[in-house]
Amino acid sequence: MKHYHLCFWLLLAATIFPVQQSFSQRSYLSIGAVPTYKTDGYGIQLNANHYHSAIDYLQVSLVATFSKEKPNSGVEFPYDDYWLNLGYFTTILTSKKRGIFFYFGGGPSVGYKYINNGETDFDFDAIEAESSFIYGAYASFEMDFFVSDAFSLIVPINGYYHFNSDLNDSTLLLGAGLRYYFK
């Protein structure tokens, strides 16, 4: 009888430990949403990360920003940017016990710049710009602070350079948001 109890407890322990390990670890996928600030505007960044290993990941992000250009003090017009970014990130500093990670990465960026609500006629002769597709690159520095096993606070600083943009070829975005890790 004692032999059956011992086997039962050993079998129970053998199954609980792997199940507990699988539920306590994060998966290889996370999603995030980050409200961002830029000069004379704001935006939103949605991203999905695929973790290749414990120190690096691939990121796909969609970014939409909304701004107003002020070529002189009396005139302004709206423009919007919509970007798709593909990036590779690697860890540059970490404190696993405190749940703090710092990443650096970047990659190509393509998108569309929508200027003056699609109108090409401006009320002034200060600028010549048309809505168009744009391409370039971006670099990002991300700080990741874990709140729980499934959520973290992310603070990205993104720099963009679009080679063929008629208006503001370089852009800096600052933001803070949440990231969810799938189990």
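Author: A salt bridge is counted when a side-chain nitrogen of Lys or Arg lies within 4 Å of a carboxyl oxygen of Asp or Glu. Please note that the model discussed here is predicted.

Reader: How many salt bridges does the structure hold?

Author: Side chains of opposite charge can pair when their charged atoms come close. In this model there are 4 salt bridges. One of them joins the side chains of Lys113 and Asp81, at 2.7 Å from N to O. This pair links distant parts of the chain, 32 residues apart: Lys113 belongs to strand β5 (residues 100-115) and Asp81 to strand β4 (residues 75-95).

Reader: Is Lys113 buried or exposed?

Author: A residue is called buried if its relative accessible area is under 20%. Lys113 has 2%, so it is buried. Asp81, at 0%, likewise counts as buried.

Reader: Which residues are linked with Asp81 in a network of salt bridges?

Author: The network consists of Lys38, Asp81 and Lys113.

Reader: Which side chain meets Arg179 in a salt bridge at 2.9 Å?

Author: That side chain is Glu142, the distance being taken from N to O. Here too distant parts of the chain are linked, since Arg179 is in strand β9 (residues 177-181) and Glu142 in strand β6 (residues 132-146), 37 residues apart. Arg179 also forms a salt bridge with Asp144, with the closest N and O atoms 3.3 Å apart. Asp144 is in strand β6 and Arg179 in strand β9, so this pair ties together parts 35 residues apart in sequence. As for burial, Arg179 has a relative accessible area of 0%, Glu142 has 1% and Asp144 has 0%; each of these values is under the 20% cut-off for a buried residue.

Reader: Let us turn to the strands. Which residues make up the covered face of strand β2?

Author: In a regular strand the side chains alternate between the two faces of the sheet. In β2 (residues 41-51), the covered face comprises Gly41, Gly43, Gln45, Asn47, Asn49 and Tyr51. The uncovered face carries Tyr42, Ile44, Leu46, Ala48 and His50.

Reader: How many bridges join strand β1 to β2?

Author: There are 10, and β1 (residues 29-38) runs antiparallel to β2. Within this pairing, Tyr37 stands opposite Tyr42 of β2.

Reader: What do β1 and β2 form, and how many residues lie between them?

Author: They form a hairpin, with 2 residues between the strands. In the turn, Asp40 has a positive phi of about 60°.

Methods. Residues numbered from 1 in each chain as written. Predicted model: local features only at pLDDT ≥ 70, side-chain atom pairs only at ≥ 80, totals over all residues. Heavy atoms only, no water. Buried < 20%, exposed > 50% of the residue type's maximum accessible area, 1.4 Å probe, protein only. Helix = DSSP H or I, 4+ residues; strand = E, 2+ residues; numbered from the N terminus. Pairing = 2+ DSSP bridges.
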